[in-house]
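Subject: Structure for you to look at

Hello,

Here is the structure I said I would pass on. Please open it next to this message.

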Amino acid sequence: MTVFKIYDLDVIFPYESMYPEQKEYMGQLKLSFDANGPCILELPSGCGKNITVFSLVLAYLATHPNMGPLVYGVTSIASFERVIRDLQIVVEARQKVSDLDFDKNFVYVPFLSRELSCVNSAVLNKSNIPLSCAKLTFPWTETKCPYYSNTPDSLKSGCVQSIEDFKIFISEENHSCPFHSARRLCQQAQVVICSVEEIISPRAGASLRGKLPSNSIIVFEDSNSLDSICCNTMSFNISKPNIDAAQSAVKNARNFLARAKEREQEKLQASYKKLKAGLKIEEVDNFLNDSLDVFKHPVVKEHRSVRNIPGTLRNPDVLLGRIYNLIQYLQTIFEGVDETCQTSSQFLSDISEKIFVEPETLHFLTTAFTNFLIDLQITEIDTYVPLFAVLDLAAIVSTYEENITIFYDAKNPNSSLMNERNKVLQLACLDASLAFSQLSTVDIKRIVLTGETISPLNMYSQILNFEPTSMVDYTILTPRNNILPIVVARGTDQTLLTSATDLSKNLNATNNYGRLISDIVKIIPDGVIGFFPSYPFMYEIIEMWNKTGVLKSILDHKLIFIESQQPSKTALLIDNYKRAIDNGRGCVFFGVSTGASSNGIDFSGAYGRCCILFGLPEPQKINSIIKSRAEFLDKQFQISKEVFQIFNSIRIASSCFSKVLSSKSDYSIILLADPRYEKEDYITSLPAWVRKCITQNQINQSVDDAIDQAKGFYLKMTQPFKHNKESIVLNGFQSWCDMYDIRFNNKEELADFVRFTKTKEETMRLRIDESDYKDRNSLSDWINRNWNSLDQFLNKFHNEWALTKRREMELA
């Protein structure tokens, strides 16, 4: 480990050397924290993003005792486990050299889901763990969870526990619930690791946000899809079976009420008096614990009405009547056959006209019915969960008139069947800034959006509606390019290789895609990953390949794994894929660019020696919600539909290769198999570290050209690279060029400047010993030691050289 100086901050780094990109990244993080503002930073794959962030932030928190905690938001369980391992590395390194109480008593807490954290065997046997957990934690339930009421006095300090070790410490040593203990004791921790939903969801995130001080630091580990997650936290589907179940729930509630009128008049009278005295949404939500999120109000806290529950809803008979009328109205929608799309205002107008229910009444239905369950102490809540989807729809559409759209689709997107019971009513939030704005309302300013593939950076600040203090996308600085991106635009027969047309009408594209993958597997060792734009596209093309013998050709060289639409099955497939590669068996993994396999899965090293994108993801073509969102952003934030659609397509494609590198010594080929990738708008939307490696020789290539380049790349990368006295200076020079975004028109111009630089006395005086270029670490150390000198005289030489070139041009 080494201690580096980042401005006036001593940063303990767990390794002997640090990449120049990591040092610049840390510096930018510190400046943003000092400025008390948000930032957007893109760090290339293979540069140790998590290690870099933890090293800087823990050093910052150690020297600023009034700061913190750090809340680290992740997007998948794979990312969760990787982040914990990286935090463990940094904490152990700090504890070896630091005697600060901050490090001796370091505490972190993981916010696990109920499914991952539950230790109650009676609940684990149930199909719906969250609901079963909720039933055992009601204040009035007779059967209590034995772990729920217990809470340890403190979390384990001085170490970073794995997920399993944390569960054992909480459940076995303290006989407590890991889920609830983590949330009750999170204020003791310096670092909280949780899902992004736990930070921004109006319901699930309310508990954590309420406990965070304004000087907290929030980092979104992979912000590629942050805006989509923000929208999804306020979006959901209602199916015909859901409506039928909700209608049955109302009948059950009426029956329960009738029995209560006969036997429990005191409860009804007490409930009425409480409502008459005045009851607000927040008061009901505060009564519910973290297990009962489903019954809380679904709207952003700052947008909820501060008025009491209206008098019209104090009578339970009237309340249930209003709900029943709303369900009957939704039933009439499902009786139609045409697809419809309505804004919230149109939807509300139709409701008011047909069932005479005003928006204010709709806004309070969720809270009024939750209070009904609480006051009558109803324990059989399974029946009522489907009803809350209907009540949530009412609450959201009555609050947001411009940001929400209601879709009635003729077919459930999750079903292959086509009948009435598979039709869905989709409530779609179009405005990601609604959920994201909750961070500013709790006055948290130090927010970091980071990731490997979040270009173009300014799109995120526009869509999420905030002003960052800084936005930087770093390129990867290596002695030789360790990625080879190629735009494969044509097949061997020179026809376009594209997913824009129907495969059944474009057999040439199908055959050429087959030729590309069957030839690649012959020359690429270990693992090859291929991503398709959608599941129907993948299934159709794989079926055609099976008929034409492409799959048989692949199986002659590698095993084949195909992603499932069920995340649990996909996780098992990926595990087996990696296990086969570890055992020396080459494999191909076919996935979907919007599926679970593209979300934070580590395909670095041998797991992803080549990544192929078969076509361009265009979800707006098959998803009316994304199309409407593009129109909303055009109207609300002046982001044109075309710009958003390009951004959305490229960021989905980029997420597929975001984890292909583990370090600068790692290498991979990225094949973008569609001619649209070579358009300027698309190329400029790619991450900077990929964009810088694309030359004219890698654009508009045929399948044969791509195969030839891949052969040459692997022949070069498999040879050991040794630095010499000249290459070490050039590597430092490359770092300087990338830092100041200095570009040369061609190789001849670059060579001319290098020759000019080498003749200067300052360059010749630089001391370079043989030990300085024996390996990559010593090279990085030399650059770090001499960076100030390199920075000063290279700026001076570039100005002199540029002036000389201008004079030569004038004389010519």
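Keep in mind that the model is predicted.

Counted over the model, there are 35 salt bridges. Among them is one between the side chains of Lys49 and Glu221, at 3.7 Å from N to O. Lys49 belongs to helix H2 (residues 49–63), while Glu221 sits in the loop between strand E7 (217–220) and helix H12 (226–232), so this pair ties together parts that are 172 residues apart in sequence. Lys49 and Glu221 are both buried.

Another salt bridge joins Glu452 to Lys659, with 3.0 Å between the closest N and O atoms. Glu452 is in the loop between strand E12 (446–451) and helix H21 (457–464), and Lys659 is in the loop between helix H27 (641–656) and strand E19 (668–673), so the pair links parts that are 207 residues apart in sequence. Glu452 has 7% relative accessibility and counts as buried, because the cut-off for buried is under 20%. Lys659, at 10%, counts as buried too.

Asp674 and Arg676 form a salt bridge through their side chains at 2.9 Å, N to O. Asp674 is buried, with a relative accessible area of 0%, and Arg676 counts as buried at 11%.

Which residues do shared partners join into one network? They are Lys49, Arg82, Glu221, Glu452 and Lys659.

One item comes from a record: an unreviewed UniProt entry annotates residues 243–278 as a "coiled-coil region". In the model, that span is 94% helix and 0% strand, and its end C-alpha atoms lie 31 Å apart.

Regards

How values were computed:
Residues numbered from 1 in each chain as written. Predicted model: local features only at pLDDT ≥ 70, side-chain atom pairs only at ≥ 80, totals over all residues. Heavy atoms only, no water. UniProt positions renumbered as here; feature names shortened; annotations may be inferred. Helix = DSSP H or I, 4+ residues; strand = E, 2+ residues; numbered from the N terminus. Salt bridge = Lys/Arg side-chain N within 4 Å of Asp/Glu carboxyl O. Buried < 20%, exposed > 50% of the residue type's maximum accessible area, 1.4 Å probe, protein only.
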